[in-house]
Amino acid sequence: MEDLIADRCFKGYIDDIELDDMLYLAFVRSRYARARIGRVEKADITSKELAVFRGASGEGAIESNRALEPVFTRDTVNYYQQPIAAVVADDRYAAYDKARDVEVEYLPLEPITSIEESLKKDPIHKGMSSNINSYYKLGAPFNIDYDIKIEARLYNDRIVPDPLETRGIVACYDRDNDKLKIYISTQSVISIRRGLANSLNIPESKIEVIQSLTGGGFGVKGALYPEYIVAAYAAMKYNRPVKWIETREEHIAASNPGRGVLADLRLYAGSNGAIKGLEGKIYVDNGAYSGTIGDFAPRFIGMQITGAYKIDNINIDSYSVFTNKAPIGPYRGAGRPEAAFFMERLIDKLADRLDLDPFEIRLMNMPENDYRSPLSLEIKSPKRFFERAFRLLKKEINSKEAYGVASFVLVSGVGPGESIRLKVKDKKLNIYSGANSHGQGHSRLLKEILSRLLGVSRDDIVYNYADSDYLDDGTGSWGSRSAIALYTIATYAAAHAINAVYKRYNQYKPELLLSSDIDVYIYKEFKGQHNSLLTALVSLDKDYFDKPVVKKVVFVADIGMPIAKENVYNQIKGGIMQSIGQLYSERVIYDNEGVVLNRSLVGAGVQTAINTPKRVKIVLISSRGLGLDDISNYIDSFIEASKKDPEKAAEELLSKSKIVNGIGEAPLIGVVPALARALERLYSKEVNETPTDVFYS
Amino acid sequence: MANEENGLRKSIKIVVNGTRYSLYVEPRMLLVHLLRDKLGIKSVHIGCDSAQCGACSVIMNNKLVKSCNVFAVQAADSEILTLEGLKDNPLMRSAIDSFIKSNAYQCGYCTPGMLNLLYYIKSNKDSADASLDINDMLIGNICRCTGYINIIKAFKRELGAQDGGSDSR
C-alpha cells in the first residue's frame, strides 16, 4: 500500500479536480416533503427546459415505469429536499447565494411518512390505485401441524450510507466532437454512462465516464441521480465544465438511504424446535419514486429469508410502498442484512421459548445436504461448515459476558457480468475494470493475481480508476462481488495476454509482454448463485454507566480462497463497526411532516472510535482446491495451455483452484443479529428493531 | 458579487507550509475553502461541513484545528501546516509508515486528518493528557471504512503501548 501518499492524500478525489472556466452547480430543494409547486423564479435551470426522468440504473435497479423520479419536479414535490431547480455560478459561495435567492411557491400537502400510513391513505401518485410500488407473492399457503408459533414485528430503520466523501461530479462537454466527459465519484462508470444516455437520450458512445478516486460508497454511489443529469445538461448548455459537490446535509436528506424494512412474521415449529413453516408480510419503505432498488427489494429480501435453514413451507407477501421520503437505495448488504435480522431474531425467540441452546437449535434446523429453499436460495451442505465454526465459537464464550450468535448466508451479487482490460502502455501493464474500487483495495487484489499469473512484477502493474471509454460493458462494485468477478475475469485476461504474446513472438516471457502494445479486453457473464456461509459471535459487558461495551467479536467465514487477506480483514473490521452503528444509533429521523431532522454525520448516528470492539477475532476457513500459493506451482502449465487455447486454460485453472467467495457485506448480515441477541441478554429486553433503545430506557 | 473594490473583501496575510500569501478574502470564507479552492492545498478534505469528522484538520499556530470551523480572516497572520508541508517531517514520516504497516486506511478520505491528529499528539506528547486512551483521542475524527481498529493500531504503534485499542489480527 505504498500508494498512500502518492495517490490518496494530495489529489484525485472529485472535489480536487479544477478545470479552467469551471462553473459551480447548486440545487434549490424542497422545504416540504409533499407540496404542490407554483412559480419558480430566478433559477437558471428548471423543469421548463429540462423535463426528463432519472432512468433506472445501478445496483438492483430494474426497468420500471410506474413512478420514475423527474430530474426536476414539474408540479408536485414528494420528498424533503427533492431538487426543484438549479443555479450555476463562478464559485461555490456565489452558487449557494443564488440558490438561496430563488423563489419557489409552495402549497403544502399532507405527507405520508410511514409504511402504515402508506397502506391506509390515498395514493401519493396520480393515476395509481394504491401506494404499492411492487408486490411479490412468495411461496404458497400451507396447512401444517405445529406445536409452537412465534410471532414478531421486526424493523430495520432507514440508514444513510454516509461515505466520508459525499457524492460529486464534474461534467465537461466537448462541443467540436459532441462528447460529454464526466468525472465522478462512483461505484460504477458503466451504470452512470448507461443512465445518462437513457435520461438525456444521447448515445452511450457520446459519453465518457471517468472515475475519480472515490472516498467510500457503501451502496450510495452505484446509481445515477438527478443531480448528475443536471450537471451533464448544464455542461452542454453553458459549454463550460460544471462541478457539483454534495453537502453532508444534502447527502443525509436527499441521497438514497438504505434499509427501511418492516416484517410481520410467524414462525411455526415442533416441540423439539424443528421449524415447520414461515409466513407473514414484508414491507419496504420505498420512498417517493420507483427506478431504484426498492422495486426489486421485496423479492430479494424474501428470497433469502430462510438463511442457513431448511424451511419447506413459506408463504410471504412482500411489498414496497410509496412514502414521501427520498427513494430507497442500497446500503451495505442491500436486502441481505434485513432477511438475516428477521430470521435470526425469530430463531432466537424460538430457542427462548423452548429453552434451547442457540447453537443446538441452529444446527438442528440446517439441512443435511445441499438445499434449495422453496424461494430458490441455494446452500451447500451447511452442517459441515457450521459444526466446525460453532466449535470455534463455543471456546470464545465467557460466562461473565452476554453473548449472541448468528449463522448466515452471504448471497453475492455477481451477475450479470464483468469486464477487464489489460493494456500495455510505456512498459507498464495497465488495468481497467467495470468493477471499480471505491476504497476496498482492488489494486492490491489484482496485483496479487496478475503478478502470479503473468510473472510480471507488481511494480509494473498499474491499477487505473475506471474509464468507460476503455470498457464496452461491465457492472460495478457492489453486492460483495468484486473479488469473485475480478479473480475470474483477470484469469481469462491473463490467459489471453499470454496467448497474444505467444502469437507475436512464438514464446511467452513477461518482458516480451511489457515491451509490447498488447491490449486485451474481456467480458464474462456470471450465472447462478454464489453463496457462502458465515457465522458471528458478539459478547458484551456493561460499563460504569450501564452502557454496553463490545468485548469481543468472533467472525468465522468460509472464504474459499482469500486473494488479499488484508483486504478481507479490513472489510470485516469496518463492517463490524457499521453493524454496531446500525444497532446503537444509525437512522434517518423524519418528523410528522416528513422533514429529516438529523442532518449531520454524528446526528445520523455514524459511530466514532468510542464504541470500537475491544477485540476482534477473524477465522477464515478455506474450501478444497488449489490455493494462491499452489497456483504459483501450476503457472508453467497455465502458460503452456494459454498458448494453445486461452479460454480453456483459464477455465481449467479456475476449476482447479479454490472458489473465491465474497465478503464485503457479510458483517452487516451476521454481526447485527448477533449483537441484537447479546443486547437482549444484557438488558433482559427484547430487541426487535434497529437501532434499538434498550440501553437508553 | 463581493469584490475588493467595494470593500467587502478583507486583506489577509497567511503562511501556509512555509509560503507567504497575501490575498483578499470574503469575511465569510472558511479556512478550508481558502486552502483548497484558492491555494490548491488538496490534502485538506471536506467530510461533514460541521466540525465533526476532522478530515479538514490542519495545524494552525501549533494547534490542531478543523479548518471548516475557522474563518479565513481568523487565520490572518497565522502559520498553517498541512500534510503537503509535513510529509517530509520525521514525525509525520513515521506516522505515515505506521498507517501503511497497520492497514489503517481504505478509501483514504479521512487519512490526512487522522495523520495530522497523530502528528499533533506526537509533537505535543509532553503536554498531552496522559489519562486519555486512544479511542478518546480519536473522538473528533470519523472514519467510515476501517471501524477504527487499524487506525488505533497505527496510533498504538506510534505512541507506545497505551491501552484502549483493539487487539485483533
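How many bridges join S7(A) to strand S12 (residues 258-269) of chain A? The legends below begin with that pairing.

The model is predicted, and for that reason local features are taken where pLDDT is at least 70 and side-chain atom pairs count only at pLDDT 80 or more, while totals for chains, interfaces and linings use all residues. Residues are numbered from 1 along each chain as its sequence is written, and chains are lettered from A and ligands numbered from 1 in the order in which they are written.

**View 1. Strand S7 of chain A and two of its partners.** S7(A) is joined to S12(A) by 11 bridges, and the two run antiparallel; strands here are DSSP runs of E with at least two residues, helices are runs of H or I with at least four residues, and both are numbered from the N terminus. Two strands are said to pair if DSSP finds at least two bridges between them.

**View 2. Two residues of chain A with positive phi.** Asp162(A), in the loop between strand S7 (148-159) and strand S8 (168-174) of chain A, has phi near 50 degrees, a positive value in a residue other than glycine. Asp162(A) counts as buried because it has 27 C-beta neighbours inside 10 Å; a residue is buried if 20 or more other C-beta atoms, placed from the backbone, lie within 10 Å of its own, exposed if 12 or fewer, and partly exposed in between. Asn506(A), which lies in the loop between H12 and helix H13 (510-514) of chain A, is likewise not a glycine and has a positive phi of about 65 degrees, but with 9 C-beta neighbours inside 10 Å Asn506(A) counts as exposed.

View 3. The open sheet has the strand order S20-S19-S18-S21 (chain A) and mixed pairing. Its edge strands are strand S20 (461-463) and strand S21 (519-525) of chain A, each of which pairs on one side only. Neighbouring strands of this sheet are turned by 20 degrees against each other on average, direction ignored. Strand S19 (residues 428-433) of chain A pairs with S20(A) in the parallel sense over three bridges, and Asn430(A) stands opposite Val462(A) in S20(A). Helix H11 (residues 442-454) of chain A packs on the sheet, touching S19 and S20 of chain A, and its direction makes about 150 degrees with that of S20(A). Helix H12 (residues 482-505) of chain A also packs on the sheet, touching strand S18 (417-425), S19 and S21 of chain A, with a direction that makes about 140 degrees with that of S21(A). Such angles run from 0 to 180 degrees between N-to-C directions, and axes are lines fitted to C-alpha atoms, for helices over the stretch in contact. Pro416(A) lies in the loop between strand S17 (402-411) and S18 of chain A, and the peptide bond from Gly415(A) to Pro416(A) is cis, with omega near -5 degrees.

**View 4. The side of chain A that touches chain B.** In this interface 48 residues of chain A are in contact with 45 residues of chain B, contact being C-beta atoms, placed from the backbone, that lie within 7 Å. The elements that give two or more residues to this side of chain A include helix H1 (3-8), helix H2 (92-101) and helix H14 (565-584) of chain A. H14(A) gives the most, with seven residues. By class, this side of chain A has 21 nonpolar, 13 polar and 14 charged residues, where Ala, Val, Leu, Ile, Met, Phe, Trp, Tyr, Cys and Pro count as nonpolar, Asp, Glu, Lys and Arg as charged, and the others, Gly among them, as polar.

Conventions
Contact = placed C-beta atoms within 7 Å.
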